[in-house]
Amino acid sequence: MPHISDRAIVLAACLVLTACAEQAAPPPAPPIAMTGRERAASEVHVDPAAAALMISKYRQAHGLSAVRPDPTLQKLAQAQADTMAAHNILSHDIDGTLTRRFDAAHLAQDAAVENVSAGYFSLPAVLAGWRKSPPHNANLLSPAMRHLGIATAYAPGTRYKVYWALDMSN
């Protein structure tokens with residue numbers, strides 16, 4: 001039986017360990033500490049059906065028709081919220097005017113409105129803010145509205161953290 005030196009065993013062990021180390025995944029990055037506000041913002045999501053129900057109740061209390069979610073309007077609202085969050089700006093026109101965005105989606109816009117906002121961490125809070133603002137409230141209570149899309153986008157590191165967009169049409 002051949003004799004294997006201690007040096008050969010150590011060398012072989014080093015080669016095996018080196019091969020294993022090269023294939024091992026790097027350790028995970030430590031979690032980023034979040035403030036309570038950041039954690040709350042990261043958990044904000046809106047259910048379009050729940051939003052339609054809340055907005056419809058408000059409209060019906062003012063003698064108006066209910067609204068219901070619309071998938072195309074939902075996509076438009078999500079795109080608007082995402083764009084505002086990506087650019088850290090609250091704007092109706094950051095991704096083009098409402099008319100241009102409706103045209104691109106092949107939607108009639110004879111009756112179309114949009115509310116945007118930021119910094120609210122719940123649907124009831126953003127709706128309360130919109131009701132207190134005369135132009136936003138006028139949009140919520142526009143008689144011709146029948147359909148909506150509503151969305152949020154979370155943007156850590158920005159002033160508002162959460163951006164909202166509501167698009168409604170007839």
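**Exercise 1.** Is Asn88 buried, partly exposed or exposed, and what is its relative accessible area?

*Solution.* Start with the source. This is a predicted model, in which local features need pLDDT of at least 70, side-chain atom pairs count only at pLDDT 80 or more, and totals for chains, interfaces and linings use all residues. Residues are numbered from 1 along each chain as its sequence is written, and side-chain values use heavy atoms, with hydrogens and water left out.

Step 1. Take the cut-offs: buried means under 20% relative accessible area, exposed means over 50%, and partly exposed lies in between (1.4 Å probe, protein chains only).

Step 2. Asn88 has a relative accessible area of 40%, so Asn88 is partly exposed.

Step 3. Locate the residue. Asn88 is in the loop between α4 (71–87) and α5 (98–104). Helices (H or I, at least four residues) and strands (E, at least two) are DSSP runs, numbered from the N terminus.

Step 4. Look at the backbone. Most residues other than glycine have a negative phi. Asn88 is not a glycine, yet its phi is positive, about 55 degrees.

**Exercise 2.** Find where Lys161 lies and state whether it is buried or exposed.

*Solution.* Step 1. Lys161 belongs to the loop between β3 and β4.

Step 1. Its phi is near 75 degrees, a positive value in a residue other than glycine.

Step 2. The relative accessibility of Lys161 is 10%, so Lys161 counts as buried.

**Exercise 3.** Describe the chain as a whole: how many helices and strands does it hold?

*Solution.* Step 1. The protein chain has seven helices and four strands.

Step 1. Along the sequence they follow the pattern α-α-α-β-α-α-β-α-α-β-β.

Step 2. Of the 170 residues in the protein chain, 38% are buried.

Step 3. Contact means heavy atoms within 4.5 Å. Among contacts between residues at least 6 apart in sequence, 69% join residues at least 24 apart.

**Exercise 4.** Which residues of helix α6 are buried, and why do they lie on the same side of α6?

*Solution.* Step 1. Helix α6 spans residues 123–132, and its buried residues are Leu123, Val126, Leu127, Gly129 and Trp130.

Step 1. These residues cover an arc of only 155 degrees around the axis, which puts them on the same side of α6. The arc is that of the directions from the helix axis to the C-beta atoms.

Step 2. An α-helix has 3.6 residues a turn, so residues three or four places apart point the same way.

Step 3. The buried residues of α6 pack against α3 (48–61), β2 (112–118), α7 (134–140), β3 (147–154) and β4 (162–169).

**Exercise 5.** What is the order of the strands in the open sheet, and which strands stand at the edges?

*Solution.* Step 1. Two strands pair if DSSP finds at least two bridges between them.

Step 1. The open sheet has four strands in the order β1-β3-β4-β2, with mixed pairing.

Step 2. β1 (68–69) and β2 stand at the edges with a single partner strand each, so one side of each has no neighbour in the sheet.

Step 3. β1 pairs with β3 in the parallel sense over two bridges. The bridge partner of Pro69 is Leu148 in β3.

Step 4. His147 is also in strand β3. With a relative accessible area of 16%, His147 is buried. Among the residues that His147 touches, not counting those up to four places away in sequence, are Val67, Leu73 and Asp167.

**Exercise 6.** How many aromatic pairs does the structure hold, and what is the geometry of the rings of Tyr160 and Tyr163?

*Solution.* Step 1. Rings of Phe, Tyr and Trp (its six-membered ring) pair if their centres lie within 6.5 Å; planes under 30 degrees apart count as stacked, over 60 as edge-to-face and the rest as tilted.

Step 1. There is one aromatic pair. The ring centres of Tyr160 and Tyr163 are 6.1 Å apart and the planes stand at 90 degrees, so the pair is edge-to-face.

Step 2. Tyr160 is partly exposed at 25% relative accessibility, whereas Tyr163 is buried at 0%.
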